[in-house]
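Trainee: I am new to this structure. Can we go through it step by step?

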Amino acid sequence: MLRLSSSSSRRLLNAASSVVRTVESRGFATTGARRADITLTVDGKEVTVPQGSALIQACEAAGASIPRFCYHDRLAIAGNCRMCLVEVQRSPKPVASCAMPAMPGSVVFTNTPLVHEAREGVMEFLLANHPLDCPICDQGGECDLQDQSMRYGSDRTRFHEIAGKRAVEDKNLGPLVKTSMNRCIQCTRCVRFANEVAGVEDLGTSGRGNDMQIGMYVEKTLASELSGNIVDLCPVGALTSKPYAFHARPWELKKTESVDVLDAVGSNIRVDSRGVQVMRVQPRVNDDVNEEWISDKTRYAYDGLRFQRLTVPLIRQGDRFVSATWEDALNAVAQGLQASGAKGDEIKAVAGALADTESLVALKDFINRLGSDNLTTDQPRGDEPPVHGVDIRSNYLFNSTIPALDKADAILLVGTNPRHEAAVLNSRIRRNWLNTQMEVGLIGEQIDAIYRYDHIGTDLKAVDQFVAGKGAFAEKFKAAKNPLIIVGSAVAEHADGAAVFKALSTFVQKNKDRLLTPEWNGFSVLQREASRTAAYDIGFVPSTKSKGVKAKFVYLLNADNITPDSIPENAFVVYQGHHGDAGAELADVCLPGAAYTEKGSTWVNTEGRAQHGRAAVPPPGASREDWKIIRAVSEVAGVTLPYDSILTLRDRMWEIAPSTVKYDETEPTTLDISAAGLASMAGLSAGKASGVPFRKPITNFYQTDPISRASVTMAQCTRSFVDQANIADDAKLAAAQTA
Amino acid sequence: MSAVRLARACLAASRRPLPLARPLHTTAARSSDALFVHRDTPYNNPQIPFEFNAENLKRAQEIISHYPTQYKKAATIPLLDLGQRQNKGWTSISVMNYVAKLLDIPPMRVYEVATFYTMFNREPIGQHFVQVCTTTPCMLRGSTEILNTVCSHLGGIHPGDTTKDGKFTVVEVECQGACSNAPMFVVGDDFYEDLTPESSKKILDAFASGKKPKPGPQSGRQTSENSAGLTALTSKPPGPGEFCAEEFR
Ligand code: SF4
Ligand code: FES
Ligand code: FES
C-alpha cells in the first residue's frame, strides 16, 4: 500500500525551490488540500496514486523497485544522485523519478536497456571517487552503494585512477557519529535530516563540483538529540556509528524487535545482539510513534547495559555488600521484613522509571497482600497521590496521540521541554511548525527549542493569564482550530501542580467545542518515564492515608532517582534492579533483575499504548526476570502471589487494567469520561500559589536513568554536548591515543 | 596562503608526464579540504569584529528591502559582495557570520554560498586583484603568454600568489565574457582587453605606481569593432526621414 501524506506531496512541490529550509522561511502551504488521484502506466501496469506523488512512488506502487541514494520518503527531495532514472515515453532523456511528479497518463518503463545503461553509468560515476575500502568499512553488508553496485553496476571498471581519487578530510561530529568523508556520495540526506528534522542548521555543503563536501565549514560538533539517525540515513559508509565501530558485521547479529524504555515515547527499536551482548540498537518503523527515528539516548545508551550490573544477589554486612545465593537473599528479605516490624502502610514500595508493567503489577499485589497501600514512585512528590488522580486515564495520558501533533495548529507547552523529555516526538512539532503556520507557546523555564515559540511566562501566573485570554499567544490559541495543550509530567510534581491542572482543565471545559470534540482531544500530559503510565494505569499510587507514614520496610523496584533522605533511617531496604546505581547503594539486600533487553515485558507509553518489549539476550549472571523475583519474594514472605507464568500474570493485568495488555493500540478515552476527568481536576483545591517557576525536569538529556548513567558513550556525550568541552582538545586527545 | 600553495604543489605534481600507453585524461587531484573548511587563523577567526559601515548598512537595508521578508536570504550574495568590498576584497569568516546575523539565517547557509562562488575570496588578497582569463578563446589568442608575463613581471610569482609587497594577487579565471577582445584580464572591477605582453606590463606598472590606467581594449579600437577596420556599415547612415515622401519628412 502506498503511504503518502499530504505533507510529502507538498514537500515535493517545495523541493525545487528550497532543498534546505531555514528557520526564517516557513513554507506558505497550510493544510494540504486533498488532491485528486491520477492514473498512469508503469511497466505496462496501471497504477493510481494521489496527485503530487513523485514518480518513484508511483513506480513503487506498481511493484517496480527503483534504486536510489538521495531520495528518502521522510525528507525533502533533492534529486542529486540520479540513480533513480527511468524511461518515460516521449521524453527525450531518462528522467529522475524522485524529482519528477507523476503525471496522469504517462507511460513509464523501469526495466529497459536505456534504464539499465543509465543506472550503470550513474553507478560508474559514483564509484569513480568512492574508495574501494569495503573490507574495512563498517557499512559493509548494509550498504546501499554496495548492494546497488552489485545489482545495477558494471562488473568491471574502466576507470584507472592515476592521479588518485578525490580525498576529503574527515569531520569531527562528536562522540556518536564517525565520519569517513572520502566515502560520501553527496546525497545530502544527512544535511536534509539535520536541517529539517533535527533542527540543527549547521550541517551543509561547502564548495562545489568535485570539491563539494559535507560538513559544517567551521569546526563544531553536531549537537542534536537525534544525530544518530544520520548514520542510518547515510546510504554509504561515510557516516557510521562511533561506539559501534568495528564491533560487528550486520550478518552476525541476531535481531530482536522491541521497544525503547529510556523515555516515555515508546520508540520501536530493533535490538541487535551477538551472543549475550547487545551490539547496537536500531529504530524500527512505526508511523504512529517514532516514524523511523530514535533519539541518541535510545540508540547509544546500550553500552550501559554492560557496566555496573548487579549480577548476583547481595546482602549488606556492615558497610559492604557480600554476594549471596538467591535462597539466602530471599530469606534475608523475609527476615528483614519480619524484624523491621513493619505493619500496614509502613511497608512501602517505590517504583522507578525502568520498572516493567508485569513487575509493577506483581509488586502492587504483593504489597497489597501485606496490607499496605503505600505504593510510591521515585519522582519528586512520588509519595503523595498524584494531583491529577489516576481514576480517569485521560488525566495523565497524551490524549491527542503522537500523530495528531501533525494536525495541531497551536500548541501550548506547560512546564516541559519536549526536546529532552521526548526527543522524537519533538521533531514532529518541528515538522508541523516548518510546514504550517502552527504556533507554539511555552510556560516554564526557557528552552533551547528547534522551533520558535512565544514565551508566555515561567510560573502559575502565566497560566492564569493565558487562561484568562490575556496575551498575544492566548489570542492565537483562541483562533486555532486544533489547539493542543501539552502539560509536562514535572507539573504534577510542582507545588503549584494542582492549581495548574485546575486552571487548565477549567479552560478546556470552557472551550470544549475546540479542545474536546469527538475528533480532537486537545489536553495532553507528556510523561517522561517509561513506567509511569503503566504505574498509573494499574493504580500504583499511594493512598491519601499512606502519605507521611514513616516506612519501616522499603522495597525499591528500579528506583534510582530517589533521594537518600526519603528513606527513613533504620528502615529495611530491598533494592531490585539491574544496575548498581543510587538505589542499590541504600539497600540492605539487592536482588538482581533484568534490563529491558533481557526480558519479555509490557511497556505503556505516554499515549497509553501498550507495547511488547522482547528479550534479546539472557540476563547476566544470576539475575532473573523481575516479576519472577517478586513472585519468589512473596512466597518466602508468606503471601504467595497466585501466578506462576507470564500468561497468568497477564490475565491478572487484564483484570486490573485491560489497556495494558491490548498491545499496539491506544484506547481513546470517550468524551464523557474525559469530561468527567476534567471535572475532577477542575474541582481540585488549589491552595496558595507558591510562585515558584516551572523548571525543566531534565538537565542532562544524556544521563537520566541507571542505564544511561552507566554508559560510557553517554558520558562522552555529556562531556561534549552538555559541558561543551572543546572538540579541538578531543581531537588532539584522539590523535595522541592513536599515535 | 599556504593552502593555495599546497594546492598548487599538487597541481604541479600531477603535471608529470604520463606514460602514453593509454589515452587517458585526468583532472588534478587537489586537496580540497583546506579550501572548503574553515580553520581559525590569527588573521581570520570569528573573534575579529566586522560590521558594515554606515553607508554599506544603508545599502544593505536597501538591498534587503527588495525581497519579501520571509525570503530575506535572497540578499545573501549582494551582502557578501558588499562585505567583501568593505573587507579589503576578501570574505572573512566574520563577514559571513555578520551577513548571516543580518539576514537572520543560520551561518552555514552563508558559508554554503560563499564557498560555492569562486568570486568570494576566503583568503586575503593584495591591493590589486589581477584575474587573468585562460579559457579557450583567450587561450587561443595568447593568454598563456599574458599569464606568464604577468607572473614574471610581478617578480616570478605563481597564479594564486600575492606579491611580497602585498600589492598584487594573480589568479587564473574562467571566461569573463569578453572573448571578442581576448586576451584579457581583470584588475579589481575593470576589464583590460586586447592585451599584449607589453601592454600588460604597462598596466601593471601603472597600478604599481598608484595610477589607474584606462580600462577597455588596449589596442586602441572601439569596444569590439573589427580591428582591421569596418567591413560593413561603412557608408553614412541615412538621417531621419531621408527616404520618405515629401509630405512625411
Ligand atoms: S555523508 Fe552520507 S548521508 Fe551525508 S551526503 Fe554523504 S553519503 Fe549522503
Ligand atoms: S533518488 Fe532520484 S536523484 Fe537521487
Ligand atoms: S575566454 Fe577569456 S573572456 Fe571569454
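Mentor: Start with Q131(B), which stands opposite V186(B) in strand β3(B). This is a predicted model, where local features need pLDDT of at least 70, side-chain atom pairs count only at pLDDT 80 or more, and totals for chains, interfaces and linings use all residues. Residues are numbered from 1 along each chain as written, chains are lettered from A and ligands numbered from 1 in written order, and side-chain values use heavy atoms, without hydrogens and water.

Trainee: In which sense do β1(B) and β3(B) run?

Mentor: Strands are DSSP runs of E, at least two residues, numbered from the N terminus. Two strands pair if DSSP finds at least two bridges between them. Three bridges join β1(B) to β3 (residues 185–187) of chain B, and the sense is antiparallel.

Trainee: Which residue stands opposite H128(B) in β2(B)?

Mentor: β2 covers residues 168–173 of chain B. Six bridges pair β1(B) with β2(B) in the parallel sense. Opposite H128(B) stands F168(B).

Trainee: How many residues of β1(B) are buried?

Mentor: Buried means under 20% relative accessible area (1.4 Å probe, protein chains only). In a regular strand, side chains alternate between the two faces of the sheet. H128(B), V130(B) and V132(B) point one way, and F129(B), Q131(B) and C133(B) the other. The strand spans residues 128–133, and the buried count is six of six.

Trainee: What share of chain A is buried?

Mentor: Chain A has 23 helices (DSSP runs of H or I, at least four residues) and 26 strands. Of its 739 residues, the buried share is 61%.

Technical notes. Buried < 20%, exposed > 50% of the residue type's maximum accessible area, 1.4 Å probe, protein only.
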